[in-house]
Amino acid sequence: FFDFMFQITFFIALIVIDERRVHENRRDWLVCITVKNKETQDSIEAEPKESFIDRFMGWYGNFLMQTWVKVIVLLSFLALLGGCAYSASQLKQAFSFTDVLPRGSYIVDAFYRSRDYSETNGVNPEIFFRNVDQSDPDIQNQMEDYVNQLVATEQFTEQPAFFWLRDFKTYVANNDTL
């Protein structure tokens with residue numbers, strides 16, 4: 001948005017000021033100096049030799065302005081847009097813990113060994129519930145629901161090994177004296 005506003009206000013104004021400078025025959029690097037002999041400058045500008053690029057661009061512009069070429073260009077870009085949109089829809093989001101580690105780090109090997117030779121997946125995320133009254137039964141139910149919702153996602157394969165609330169409820173259920 002800022003770039004757009006900049007271009008339609010400040011940048012356009014600078015182009016207008018520069019065009020006025022050109023029409024007044026002032027130098028571009030020192031605007032207080034004007035070109036004194038305008039007739040000589042006009043005669044030099046009146047006979048420019050057309051370069052290869054100018055001729056090519058003229059031919060290419062005329063070629064592109066033909067109706068059948070416009071249709072082909074438009075269809076080509078629509079096909080490209082459709083192909084890019086389809087490709088973008090096929091992208092899969094993935095995150096590997098080892099992507100953020102430096103090359104040659106011993107932690108990469110340790111991660112793969114932990115994943116290959118242990119029951120866990122190599123990374124054990126932890127969840128902390130802070131700034132809540134954990135003794136409140138409603139809060140405890142919300143905490144348990146949150147953990148159960150996380151476990152229900154495809155990224156988790158089992159219940160967390162350590163969850164104090166579940167362990168506490170098991171302890172209370174097994175001890176009638178509490």
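Residues are numbered from 1 along each chain as its sequence is written. In this predicted model, local features need pLDDT of at least 70 and side-chain atom pairs count only at pLDDT 80 or more, while totals for chains, interfaces and linings use all residues, and side-chain values use heavy atoms, with hydrogens and water left out.

Q: How many salt bridges does the count come to?
A: Side chains of opposite charge can pair when their charged atoms come close. A salt bridge here is a side-chain nitrogen of Lys or Arg within 4 Å of a carboxyl oxygen of Asp or Glu. By this rule the count is 3.

Q: Which helix holds both Arg 21 and Asp 18?
A: The two side chains form a salt bridge, with N to O at 3.0 Å. Helices (H or I, at least four residues) and strands (E, at least two) are DSSP runs, numbered from the N terminus. Arg 21 and Asp 18 are 3 residues apart, about one helical turn, in helix α1 (residues 2-23).

Q: Is Arg 21 buried or exposed?
A: Buried means under 20% relative accessible area, exposed over 50%, and partly exposed in between (1.4 Å probe, protein chains only). Asp 18, at 35%, is partly exposed. Arg 21 has 14% relative accessibility, so Arg 21 counts as buried.

Q: Which residue forms a salt bridge with Glu 144?
A: The closest N and O atoms of this pair are 2.7 Å apart. Glu 144 lies in helix α6 (residues 137-152) and its partner in helix α7 (residues 164-174), so the pair ties together parts that are 25 residues apart in sequence. Glu 144 is partly exposed at 22% relative accessibility. The partner, partly exposed at 31%, is Lys 169.

Q: At what angle do α6 and α7 pack?
A: Two packed helices are described by the angle between their axes and the distance between the axes. Axes are lines fitted to C-alpha atoms, for helices over the stretch in contact, and angles run from 0 to 180 degrees between N-to-C directions. Angles under 35 degrees count as roughly parallel, over 145 as roughly antiparallel, 65 to 115 as roughly perpendicular and the rest as oblique. The α6 and α7 axes are 10 Å apart, and the helices, oblique to each other, pack at about 120 degrees.

Q: Which residues of α7 does α6 meet?
A: Contact means heavy atoms within 4.5 Å. From α6 come Gln 140, Asn 141, Met 143 and Glu 144. In α7 they meet Trp 164, Leu 165 and Lys 169.
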